[in-house]
Amino acid sequence: MKKKIAILGSTGSIGTQALQVIAEHSDLFEARVLTANRQADLLVEQAKEFRPQCVVIADESQYEYVKQALADTDVQVYAGADALCQVVQLPSVDMVLTAMVGFSGLRPTIAAIEAGKPIALANKETLVVAGELVTRLALKHRVPLLPVDSEHSAIFQSLMGEQAEVEKIILTASGGPFRNFTLEQLETVTPEQALKHPNWDMGAKITIDSASMMNKGFEVIEAKWLFGVDANDIQVVVHPQSVIHSAVQYADGAVKAQLGVPDMRVPIQLAMSYPERLSSSFPRLDWFEMGNLTFERPDQERFRCLALAYEALSRGGNMPCVLNAANEVVNLAFRQGRCGFLEMAEIIEKTMQTVPFKAENTLDDYLACDAEARRVAGSFMS
């Protein structure tokens, strides 16, 4: 019987690659639900090809357009944020792939967990903002959180079959396009430069986060909740070739790592097929062509966002939520030319110093904190 997948964010980088996996294994997987934020044309195109039970366009102003475009099909069309939370709970859905970008992925992910749906997690902000709440709910509802990020998938694979004590998690980072830039050079970098990632083809928001190393900071927070390790036991290592996707060091000193080409379809497929590992036609690692593998310490003075993520994780409570909200504000502002590259970290830090700390938080608390942190970050922008 086919596993029926709901893809939240089917028009993004992860979503489109997930559909490639489904197309390659159409005998095993079926796209049951597809959702998009604003890319109505691509959503319609995907719906006509994969014929899901329903689609959701989050931008309600495009509902009529999508509905008319799919009028000659059996695909049901919905719109709005509430619809995202409803479709993930459909009885016909076997698994939810959360590939939405940013804070908007939190509510539908929680709704899916509460409905008992296994989660293939690509929306890192879910665990960054509300890791304690989300992991507690997943435990309560006995829902697996299967990592899709290449780094966390690598850690997950390195842990398979092991009962030994974990001494350290090694989280690799490419270093992004500005790895060797000085502070003076970073003062004047442009969004166009930042969007040219040396190894990975990703969406605009995550590519900027990679350039600032905030993305790696988010992954540190994710790793804490996914694998139950202390922040001090998560070491970030800059590995420009992006061949070693991450590793685990055990109590006896042995290190297990997962290697591969920079291709997100491999971790996507593994999350969808787990505990089985399927064959694929995806590119293979050529040991004789990959050249030297190098490793560096991350510079947290030049890339302050990574240090701020560690600080937010150390403080706990609502601070990671504040970190994420402020980052979403400055990331967009930088892409729009309203904020300098180094200014992003400055505004995030000021926001973390301004928004009141709250140790225990409900979903409503996180929603309120997100709104307040965005307001505060915006005030520093002006």
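Visitor: Does Q17 count as buried or exposed?

Guide: Q17 counts as buried, because its relative accessibility is 14%, where buried means under 20% relative accessible area, exposed over 50% and partly exposed in between, with a 1.4 Å probe and protein chains only. This is a predicted model, in which local features need pLDDT of at least 70 and side-chain atom pairs count only at pLDDT 80 or more, while totals for chains, interfaces and linings use all residues. Residues are numbered from 1 along each chain as its sequence is written, and side-chain values use heavy atoms, with hydrogens and water left out.

Visitor: Which residues does Q17 touch, not counting those up to four places away in sequence?

Guide: Q17 touches D263, M264, R265 and I268, with contact meaning heavy atoms within 4.5 Å.

Visitor: New topic: at what angle do α11 and α14 pack?

Guide: Helix α11 (residues 214-227) and helix α14 (residues 319-335) pack at about 155°, and their axes are 12 Å apart; axes are lines fitted to C-alpha atoms, for helices over the stretch in contact, and angles run from 0 to 180 degrees between N-to-C directions. That makes α11 roughly antiparallel to α14, since angles under 35 degrees count as roughly parallel, over 145 as roughly antiparallel, 65 to 115 as roughly perpendicular and the rest as oblique. Helices here are DSSP runs (H or I, at least four residues), numbered from the N terminus.

Visitor: And which residues of α11 meet α14?

Guide: From α11, M214, F218 and I221 meet P320, L323, N324 and N327 in α14.

Visitor: What about α15 and α16, how are they oriented to each other?

Guide: The axes of helix α15 (residues 341-354) and helix α16 (residues 363-381) cross at roughly 130° and come within 9 Å, and the two helices are therefore oblique to each other.
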